[in-house]
Amino acid sequence: MTSTAPAGLITWLETQLPRLIDDVRAATCDRIALYRDEKIVPRDDLHRSIAVNLRFMVAALAGDDVDAAPEETGSRRAHQGAPLPEVLQVYRIGCAMLWDVMVDRARNHGGPGATDALVDLASRLWQVTDDHAVRLTEAYRATSAELLVSQQRRRSALAEALFTGQRVLNSGPWEAGKLLGLSLDGKLAVVAAETRGLAEESLIGVERRLARLGIVSAWQLTPTLQAGVVSLRDDQRDPMLTVLQDVAVARAGVSPLYRSLVETPRALHLARTALAGLPPGKPEVRAFGSSPLAAFLAYDPDEGQRLAVDVLGAVLDQPAEERDILLETLHAYITCGGSSDRAAQALHCHANTVRYRLRRIKELTGRSLTDPRAVAELVTAAQAIRLAPGRRDPGA
């Protein structure tokens, strides 16, 4: 200290701290709703924090070395989930009331040199105040970042438990889904996207973008795959696909909708199957069809390909141009419910052209589209070809 007057004011402040601490707490509860209900910050905790920080400020005015009160408060409030603006508002209330007490003392009870002492302490108080606020804010943000990373790791681990069907501490998919905030009575979908590089996200910001639409999701990143479980209503499926198409920088597949979290491993398999059916190197999103037959074939793609070769082998052996036209026509005919006229509209050709191509398929395969058993085999074979990795059927 450079004079005895500031030292005397600080000594007097120390005697006033118990009353000032109570006054600041009362003012805080009166002005800030967050601190009135004690759901986030208990009253005793608030009182302790105010006491620690006011004592810190008075000690700093005296030039004493003190403990890291601002850092402790910032970190503690971040753990409790108190918003930073409200935390800083408490600090501002305490600083303002401390200053008011000092001014009142200098005006009404100060002797010679009281005003000079107040001026000497004023610049020091603003410096301490600014330093205090910066340290508190940095500690709050650092702790918030640590908590966010920890939360993301936990969500990733819970998502992995859903993808693998693994039980964690005797808790099953229902408990994991509840912790992730996923709907337990709505519908779900799995998204599987290949990574751009080693463990590099290809759906950047997807969780935040979906959350803006009220869609809850949980994601896991592996060296080769970014996968997520998405909870949504029927009317949110198309908005979800739009978001995926907007953010995707690599191939991504989407499973059919399902209801039970127990089915998540199966849904992941279907999403990965949809992903594998996209041409490499192009950022595109493909949703797996809702056909039970497609889902059945996806579980044994090798057998599906053997069936496809057995049934459509002669078609597959044709020159590429003719082969693709015949397969496209067969797919359109099946999709249009066995109507040559509607298939012709979809293919932008004449119905007689469709009928000619179907006769050509019959000649090559020996299977008639009027025989129910032959139709079942042709439909299954055509579906297996569509699911072949790396193949993009024109009608898919």
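Predicted model: local features only at pLDDT ≥ 70, side-chain atom pairs only at ≥ 80, totals over all residues.
**Helix 14**

I looked up the length of helix 14 first. It covers residues 351-365, which makes 15 residues. At 1.5 Å a residue it should span 21 Å, and its end C-alpha atoms are 21 Å apart, so the two agree.

Next I asked which residues of helix 14 are buried. They are Ala351, Val354, Arg357, Leu358, Ile361, Leu364 and Thr365. Looking down the axis of helix 14, I find these buried residues within an arc of 140°, so they line one face of the helix. An α-helix has 3.6 residues a turn, so residues three or four places apart point the same way. On the other side of helix 14, I noted Tyr356 and Glu363 as exposed. Just after the helix, Gly366 has a positive phi of about 75°.

**Arg357**

One of the buried residues of helix 14 is an arginine, Arg357. I checked it for a charged partner. Arg357 has no salt bridge, although it is buried. The nearest side chain of opposite charge is Glu328, 5.5 Å away. What does Arg357 touch, leaving out residues up to four places away in sequence? I listed Ile325, Leu326, Thr329, Leu347 and Cys349.

**Strands 2 and 3**

I then turned to strand 2 (residues 216-221) and strand 3 (residues 225-232). The two run antiparallel and are joined by six bridges. A hairpin of three residues connects strand 2 to strand 3.

**Salt bridges**

How many salt bridges does the model hold? The count comes to 19. I looked at some of them one by one.

Glu194 and Arg251 form a salt bridge, with their closest N and O atoms 3.1 Å apart. Glu194 lies in strand 1, and Arg251 lies in the loop between helix 8 and strand 4, so the pair ties together parts that are 57 residues apart in sequence. Glu194 is partly exposed at 21% relative accessible area. Arg251 counts as buried at 14%.

Arg43 meets Glu38 in a salt bridge of 3.9 Å, N to O. Arg43 is partly exposed at 25%, and Glu38 is partly exposed at 36%.

Arg323 and Asp324 meet at 3.1 Å, N to O. I have Arg323 as partly exposed at 24% and Asp324 as partly exposed at 29%. Last, I noted a network: salt bridges with shared partners join Asp45, Arg76 and Arg77.

Notes:
Residues numbered from 1 in each chain as written. Heavy atoms only, no water. Helix = DSSP H or I, 4+ residues; strand = E, 2+ residues; numbered from the N terminus. Expected span 1.5 Å × (residues − 1). Buried < 20%, exposed > 50% of the residue type's maximum accessible area, 1.4 Å probe, protein only. Arc of directions from axis to C-beta. Pairing = 2+ DSSP bridges. Lys, Arg positive; Asp, Glu negative; His and termini not counted. Salt bridge = Lys/Arg side-chain N within 4 Å of Asp/Glu carboxyl O. Contact = heavy atoms within 4.5 Å.
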